[in-house]
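This briefing covers the strands, a helix and the nonpolar cores of one protein model. Look at the sequence and the structure first, then read the points below.

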Amino acid sequence: MDARPLTEPVDQRAAKKFERANRPPVDVGKIFVFVLIGIIGAFILSIFGFMTVLSLGSGQAISPGMLLFVAILVAMIVFVVSRLAKNRVGPTDRYRLSQFAGANGMTYLNSIPDPPLPGMIFRIGRARTSSEVVRGARPRFVEFGNYRFTTGYGEDATTRRWGYVAIKLDVPLPHIVLDATGNNSAFSSNLPATFDRSQKLSLEGDFDRYFTLYCPQGYERDALYLFTPDIMAHFINNATLDVEIVDEWLFLYTRDRMTTPDAATWARLFGTVDALMAKLDQWARWHDDHR
């Protein structure tokens with residue numbers, strides 16, 4: 001992996017030229033949220049300022065309850081803004097990613113509307129868009145990307161974000177999901193799909209502490225053939241990644257950004273993909289004996 005484009009100083013003129021030629025689509029949802037936060041913040045400060053003036057004029061102290069209320073609202077606004085900033089990819093970052101892709105024999109795409117991928121996260125909501133996409137074609141097709149979609153309408157509209165890796169397989173395999181327990185809540189999985197308890201398969205060793213494996217009934221032996229202890233041990237080192245096999249695709253999912261200018265993140269991703277590549281030739285010899 002040539003990580004120099006991620007760490008070397010950026011030619012700002014080249015970055016601006018790249019940004020003009022590859023300007024990403026406007027995220028209307030994000031603009032709406034920022035405007036709404038600005039209006040709410042201005043309203044709160046105006047009310048608080050007005051009440052402060054009245055209190056000072058009457059010689060009364062400001063209510064502790066009011067101070068607590070304002071503090072909570074301000075903390076909520078700061079939290080939302082910080083979450084939005086975390087998911088923001090700036091023009092310099094996009095330029096770095098494009099140069100990184102080129103230096104490693106890959107290609108870069110700023111965005112892909114409604115990506116034609118069969119994974120579970122790509123079949124939900126509307127305004128589905130992959131962004132900051134890095135693709136490789138050899139030894140097989142692999143795509144790293146950030147992804148967002150919107151659910152709900154009006155006040156209930158929510159933009160959900162994922163990072164993913166998509167790897168093309170040689171043959172269609174059973175629909176298998178490896179749900180990492182480390183990124184779940186206390187009550188449910190973070191994945192946007194539910195699975196029947198009868199599809200749950202216990203793994204060898206202590207792998208059940210880290211992952212829950214779901215597969216179609218009758219394919220239990222096939223799942224254990226595909227997810228051998230050596231490949232499961234590697235997944236434990238990346239225990240926040242969920243895995244899905246569907247049709248001729250293998251997907252890795254995370255709720256964080258997948259494509260990022262952080263060289264250490266790419267080193268981990270390349271290590272994971274390299275470990276999988278070593279097994280995919282073996283997976284290609286799998287035959288569905290249930291049909």
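Strand S4 and strand S7 (residues 242-254) run antiparallel and are joined by 10 bridges. Two strands count as paired if DSSP finds at least two bridges between them. The model is predicted, so local features need pLDDT of at least 70 and side-chain atom pairs count only at pLDDT 80 or more, while totals for chains, interfaces and linings use all residues. Residues are numbered from 1 along each chain as its sequence is written, and side-chain values use heavy atoms, with hydrogens and water left out.

**Overall picture**
- The protein has eight helices and seven strands; helices (H or I, at least four residues) and strands (E, at least two) are DSSP runs, numbered from the N terminus.
- Of the 291 residues of the protein, 41% count as buried, where buried means under 20% relative accessible area, exposed over 50%, and partly exposed in between (1.4 Å probe, protein chains only).
- Among contacts (heavy atoms within 4.5 Å) between residues at least 6 apart in sequence, 68% join residues at least 24 apart.

**Strand S4 and its partners**
- In the pairing of S4 with S7, Ala166 stands opposite Phe251 in S7.
- S4 (residues 158-180) also pairs with S3 (residues 142-151), in the antiparallel sense and over 10 bridges.
- In that pairing, Tyr147 stands opposite Trp162 in S4.
- S3 and S4 form a hairpin with six residues between them, and Gly152 in the turn has a positive phi of about 75°.
- S4 pairs with S6 (residues 211-214) in the antiparallel sense over four bridges; here Leu178 stands opposite Leu213, and Ala180 has Phe211 as its bridge partner.

**Strand S6**
- S6 pairs with S5 (residues 200-201) as well, in the antiparallel sense over two bridges, and Lys200 stands opposite Tyr214 in S6.
- In a regular strand the side chains alternate between the two faces of the sheet.
- Phe211 and Leu213 point one way from S6, Thr212 and Tyr214 point the other way, and all are buried.

**Thr150**
- Thr150 lies in strand S3.
- Thr150 counts as buried because its relative accessibility is 14%.
- Not counting residues up to four places away in sequence, Thr150 touches Gly125, Arg126, Ala127, Ala157, Thr158 and Thr159.

**Nonpolar cores**
- The largest nonpolar core has 48 residues, and those with the most contacts inside it are Phe144, Phe227 and Phe235.
- A nonpolar core is a set of buried Ala, Val, Leu, Ile, Met, Phe, Trp, Tyr and Cys residues joined through side-chain atoms within 4.5 Å.
- Helix H8 (residues 263-283) gives the most to this core, with eight residues.
- Apart from this core lies another, of 18 residues, among them Ile112, Ala166, Leu191 and Tyr253.
- Phe227 touches residues including Leu178, Leu213 and Trp283, not counting residues up to four places away in sequence.

**Helix H8**
- H8 has 21 residues and reaches 30 Å from its first C-alpha to its last, close to the 30 Å expected; the expected span is 1.5 Å times one less than the number of residues.
- H8 bends by about 25° at Met277, the bend being the angle between axes fitted to the seven residues ending there and the seven starting there.
- The buried residues of H8 include Trp266, Phe270, Val273, Met277 and Leu280.
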